Amino acid sequence: MFLFLTAYNQLTYDSFHKDAGRIFQTYFLSTNEDGVFKSGEMPLPLLPALKQNVPGVEYAARVETGRKTIISFAGKYFDELLTYTDPDFFRFLNCPLEQGNKNMVLNDLHNIVLSASLAKAIFGEEDAVGKTVQVGKQGNQLSYIVTGIAKDCPQNSSIKFDALANIESSPDYASNSTNWHADTHTAFINLTGNINKTAFAVNLKKFSATYFPVENQNPKNGQAKTQLIKLKALNDVHFN
């Protein structure tokens with residue numbers, strides 16, 4: 001029974017997403033003199049450019065998960081996993097909101113969404129929405145307004161968080177927002193239902209050639225020969 005449950009848990013990773021068949025993680029496929037390499041870490045400017053320039057991308061969300069962060073309220077302190085992402089996050093990833101509008105909860109730089117368990121730990125039976133919490137260490141805190149409460153992520157989810165904030169409010173965003181060589185996060189996209197996959201693949205290849213031309217790749221050692229942006233189906237991410 002234990003082995004069965006373990007196998008089931010692994011094999012159903014990320015299957016709770018309703019539109020998993022249209023959700024993909026982007027990754028780099030790079031080749032150089034040493035071989036072929038894959039990397040799921042993306043630079044911050046990539047996803048906005050991809051959404052704007054490649055037809056067929058309906059929603060897109062960068063997901064930057066770092067160290068645990070202090071979230072405090074009324075003298076209570078919690079060491080929690082704060083994940084930074086884009087406003088599209090709740091529009092296509094099936095992390096249901098118990099409170100809040102999925103189209104608006106992360107629109108402002110100082111919005112924050114708490115998991116149901118964290119909201120209960122901080123506020124008890126009080127309504128958390130509309131309250132202001134402090135994020136960061138003493139003397140280096142930012143204020144965030146709670147705009148939503150999300151159901152806790154299933155254990156077998158590739159994306160995990162105790163709280164979610166707009167990625168543009170992350171500490172390193174300003175310095176890396178235009179840096180195409182600072183890979184800081186993973187990225188997920190949702191493709192339109194009527195997409196022509198052949199045409200999309202052609203456009204994605206053109207996009208790769210435009211933003212990652214051979215002469216500009218890996219400028220530190222000049223070894224990279226090609227660098228393509230590829231897609232991995234969400235259901236395959238856990239095992240690959």
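1. Helix 2 (residues 46–53) and helix 6 (residues 197–211) pack with their axes 11 Å apart, at an angle of about 135°. Helix 2 is therefore oblique to helix 6. Oblique covers what is left after under 35 degrees (roughly parallel), over 145 (roughly antiparallel) and 65 to 115 (roughly perpendicular). The crossing of helix 2 over helix 6 is right-handed, meaning that the near helix is turned clockwise from the far one by less than a right angle.

2. On the helix 2 side, Leu46, Ala49, Leu50 and Asn53 meet Leu204, Phe207 and Tyr211 of helix 6, contact being heavy atoms within 4.5 Å. The residues of this contact comprise 6 nonpolar, 1 polar and no charged.

3. Leu46, Leu47, Ala49 and Leu50 of helix 2 are buried, that is, under 20% relative accessible area with a 1.4 Å probe, protein chains only. They sit on the same side of helix 2 because their arc around the axis is only 160°.

4. Do look at Lys232 in strand 12 (residues 224–233). Is Lys232 buried or exposed? Lys232 is buried, its relative accessible area being 19%. Leaving aside residues up to four places away in sequence, Lys232 touches Ile23, Phe24, Gln25, Tyr27, Val237 and Asn240.

5. On the basis of these notes: this is a predicted model, where local features need pLDDT of at least 70, side-chain atom pairs count only at pLDDT 80 or more, and totals for chains, interfaces and linings use all residues. Residues are numbered from 1 along each chain as its sequence is written, and side-chain values use heavy atoms, with hydrogens and water left out.

Methods
Axes fitted to C-alpha atoms, helices over the stretch in contact; angles between N-to-C directions. Helix = DSSP H or I, 4+ residues; strand = E, 2+ residues; numbered from the N terminus. Nonpolar A, V, L, I, M, F, W, Y, C, P; charged D, E, K, R; others polar. Buried < 20%, exposed > 50% of the residue type's maximum accessible area, 1.4 Å probe, protein only. Arc of directions from axis to C-beta.
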